[in-house]
Amino acid sequence: MTPTQIDVEIKARRDFCARLAESRHVYVVSGEEGLARVPSQQQPGREVTLFWTEHAEAEQWADVLATNPRIKMLPLTDVLTDVLPKLGELNRLVGTNWNDVPVEAEVAPLDLVGYIRGAMVDHFVQKTLETKCVWMLQGIDGPACQMSQKTKGALVLPVWADRAAAEARVEGPWADMEVGRVPLADFKARTLMWAAETKRKVAPAYC
């Protein structure tokens, strides 16, 4: 690929991830053959499963890509923890906001997980700077924490940029937790210092 093509792909991927981090859902076309996919333009023999951030874009291509198509909305949590890992196991690639332009972004599923999580952190930072607050779950023993999936024995402090995202996590072991608003100044001066002292990691936009 030429440098121009690479730049176009990078921009398309970044735009896709930024929109997904904000909306927290993605659209796919599902038909009799499963999720809509096309042959890869870059890696012969591989298939590209197609995602869109806008319902209208998925609808535009549905009849072209699938038999008896249905447009499905997938929550971001399912995309990160289920759909993309399964596509990785199938050796598929992912097409982000696929259309009819000559250059299409094709991303390895597990690479896309990393790009999306990076966009989620960027969105978290931008949002908290605007609202001047952070949202957490609080219980009788303090803030809700989770065991790290990356560092054995480490605890993670989940935080969110808006109340709705935090409320969506009041379930399972956190069903009795209260959603709490923490002013950004207090979060930086107290919460982050407490996390550092107790060797906790922080998970912005925890999903």
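Modeller: Helices are DSSP runs of H or I with at least four residues, numbered from the N terminus. The model discussed here is predicted.

Biologist: In which helix is V64 placed, and is V64 buried or exposed?

Modeller: V64 belongs to helix α2, which covers residues 55–65. The cut-off for an exposed residue is over 50% relative accessible area. V64 has 60% relative accessibility, so the residue counts as exposed.

Biologist: How many aromatic pairs does a search of the whole structure find, and what is the geometry of W61 and W98?

Modeller: The search of the whole structure gives three aromatic pairs. For W61 and W98, the ring centres are 5.0 Å apart and the planes lie at 75°. Planes over 60 degrees apart count as edge-to-face, and therefore the pair of W61 and W98 is edge-to-face.

Biologist: Which parts does the pair of W61 and W98 tie together?

Modeller: W61 is buried at 13% relative accessibility, and W98 is buried at 16%. Because W61 lies in helix α2 and W98 in the loop between β6 (93–96) and β7 (106–107), the parts tied together are 37 residues apart in sequence.

Biologist: How are the planes of W174 and Y206 arranged, and which residues form a cluster through ring pairs?

Modeller: W174 and Y206 form a tilted pair, with 6.0 Å from centre to centre and 55° between the planes. Both residues are buried. The cluster linked by ring pairs consists of W160, W174 and Y206.

Biologist: Which ring lies under the charged end of R13?

Modeller: The charged end of R13 is 3.7 Å from the ring centre, and the ring over which this end sits is that of Y115.

Definitions and conventions:
Residues numbered from 1 in each chain as written. Predicted model: local features only at pLDDT ≥ 70, side-chain atom pairs only at ≥ 80, totals over all residues. Heavy atoms only, no water. Helix = DSSP H or I, 4+ residues; strand = E, 2+ residues; numbered from the N terminus. Buried < 20%, exposed > 50% of the residue type's maximum accessible area, 1.4 Å probe, protein only. Phe/Tyr/Trp six-rings, centres within 6.5 Å; stacked < 30°, edge-to-face > 60°. Lys NZ or Arg CZ within 6 Å of the ring centre and 35° of its normal.
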